[in-house]
Amino acid sequence: LNEVFTEFEEEPIGSASIAQVHKAKLKTGETVVVKVQRQGIYETMSRDIAFLHRAVKLMPPINMAGLVDMNQVLDEMWVVAQEEMNFLAEAANMEEFARLNKDVAFVTSPKLYREYTTTQVLVMEYIEGIGVDEKDKLLAAGYDLDEIGTKMADNYVKQIMEDGFFHADPHPGNVRIQEGKIVWIDMGMMGRLTERDKELIGKAIRGIAENDISMIQEAVMALGEFKEKPDQSVLYEDISELMSKYGSLDMGEIDVAEVMMDLMEVMKENKIRMPHGLTMLARGLTNM
């Protein structure tokens, strides 16, 4: 500690299951936060996942119509947890996010101090800021809440539809407002969409704008993964119902996040499994 920091607060300013965060000051004068992984967390979580796999075998059969494979859910949880436990992967995420959003005037993310970062310790710029959900403080500081909300939603849709690289855990603790900018922090859980995924999501949204049920149906079928083909007539009916909700809205009036959630609900009802990227997107959009 003495080689790198002049000050290091022993009491953490934040604490979660995988790591805790301490405020510190570098010898070069910058105030930073140091994310420190809990000792033995990998072994603990690995053991927990193994226990859960064993528990699944002991569970009585539940008819989920082939929708949820509990072992697959546990495998996905473990993959995401392992990514979160590798702070070098998070460091790479921070650099990629900063690069993709460098031209967005109202968005920023903490500076990474890569020279002090390892798989289990992450050092980054300390962000003071105001929590995005601290309404009274934001108003007292002269911020326009509508403007923050609009810009945040706009940037999130850009992350999804343009970058295909988005924050998958945007809870209020991970979004702060500082010096007129939206600051996205904690890049441990990020989602990715392929060019094909983005194209199909765009096609589905365009289908809603153009009131074209067949176009939406094609996109949903191409996006999903299924053991057996769903009933096309039931799917068509569910999409028709979704269409009646949006009526004759123009493309610019459509809430992309709400459309995505509705489409995912249709997929779930029709036993169409979502690929990993869409699962992460569902998580992110639910938080948003």
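Where is Asp186 found? I looked it up: Asp186 sits in the loop between β10 (181-184) and β11 (190-192). I note at the outset that I am working from a predicted model.

**Entry 1**

I checked phi at Asp186 and got a positive value of about 60 degrees, although Asp186 is not a glycine. Asp186 has 27% relative accessibility, so I put it down as partly exposed, the class between under 20% for buried and over 50% for exposed.

I found another case at Asn211. Its phi is positive as well, about 55 degrees, and Asn211 is not a glycine. Asn211 lies in the loop between α6 (195-209) and α7. With a relative accessible area of 49%, Asn211 is partly exposed, since exposed would need over 50%.

**Entry 2**

I went through the pairing around β3. Strand β1 (residues 5-8) and strand β3 (residues 19-26) run antiparallel and are joined by three bridges. In that pair I located Phe8, which stands opposite Ala24 in β3.

I next took strand β2 (residues 14-15). Two bridges join β2 to β3, and the two run antiparallel. Gly14 has Val21 in β3 as its bridge partner. I recorded β2 and β3 as a hairpin, with three residues between them.

Then I turned to strand β4 (residues 31-37). Seven bridges join β3 to β4, again in antiparallel fashion. Ala24 turned up here too: its bridge partner in β4 is Val32. I therefore have Ala24 of β3 placed opposite Phe8 and bridged to Val32 in β4, a reading that rests on two bridges between strands counting as a pair. β3 and β4 form a hairpin with four residues between them. In that turn I read a positive phi of about 105 degrees at Gly29.

**Entry 3: the open sheet**

In what order do the strands of the open sheet of four strands come? I read the order as β5-β10-β9-β7, with mixed pairing. The edge strands are β5 (107-108) and β7 (130-131), each of which pairs on one side only.

I looked inside the sheet at strand β9 (residues 175-178). Four bridges join β9 to β10, and these strands run antiparallel. Within this pair, Val175 stands opposite Trp184 in β10.

**Entry 4: helix α8**

I checked the length of helix α8 (residues 232-246). Its 15 residues, at 1.5 Å a residue, should span 21 Å, and the end C-alpha atoms are 21 Å apart, so the two agree. The expected span uses one less than the number of residues.

Which residues of α8 are buried? I listed Leu235, Ile239, Leu242, Met243 and Tyr246. They cover an arc of only 105 degrees around the axis, which means that they lie on the same side of α8. On the other side I found Glu237, Glu241 and Ser244 exposed. An α-helix has 3.6 residues a turn, so residues three or four places apart point the same way.

**Entry 5: the second largest pocket**

I turned to open space. The second largest pocket holds about 410 Å³.

**Entry 6: enclosed space**

How many cavities of 30 Å³ or more are there? I counted two cavities of that volume. The largest cavity has a volume of about 40 Å³.

I listed the lining of the largest cavity as Ile201, Val220, Leu223, Met260, Leu263, Met264, Met267 and Leu278. By class, these are eight nonpolar residues, with no polar and no charged ones. At least two of the lining residues come from each of α7 (213-223) and α9. The most come from α9, which gives four.

Terms used. Residues are numbered from 1 along each chain as its sequence is written. This is a predicted model: local features need pLDDT of at least 70, side-chain atom pairs count only at pLDDT 80 or more; totals for chains, interfaces and linings use all residues. Side-chain values use heavy atoms; hydrogens and water are left out. On a 1 Å grid over the protein atoms alone, a cavity is a set of points where a 1.4 Å probe fits but cannot get out, and a pocket is an open set with protein on both sides within 12 Å along at least five of seven lines; lining residues have an atom within 4 Å of a point. Grid points are joined across faces, edges and corners, and a volume is the space filled by probe spheres set on the points. Ala, Val, Leu, Ile, Met, Phe, Trp, Tyr, Cys and Pro count as nonpolar, Asp, Glu, Lys and Arg as charged, and the others, Gly among them, as polar. Buried means under 20% relative accessible area, exposed over 50%, partly exposed in between (1.4 Å probe, protein chains only). The arc is that of the directions from the helix axis to the C-beta atoms.
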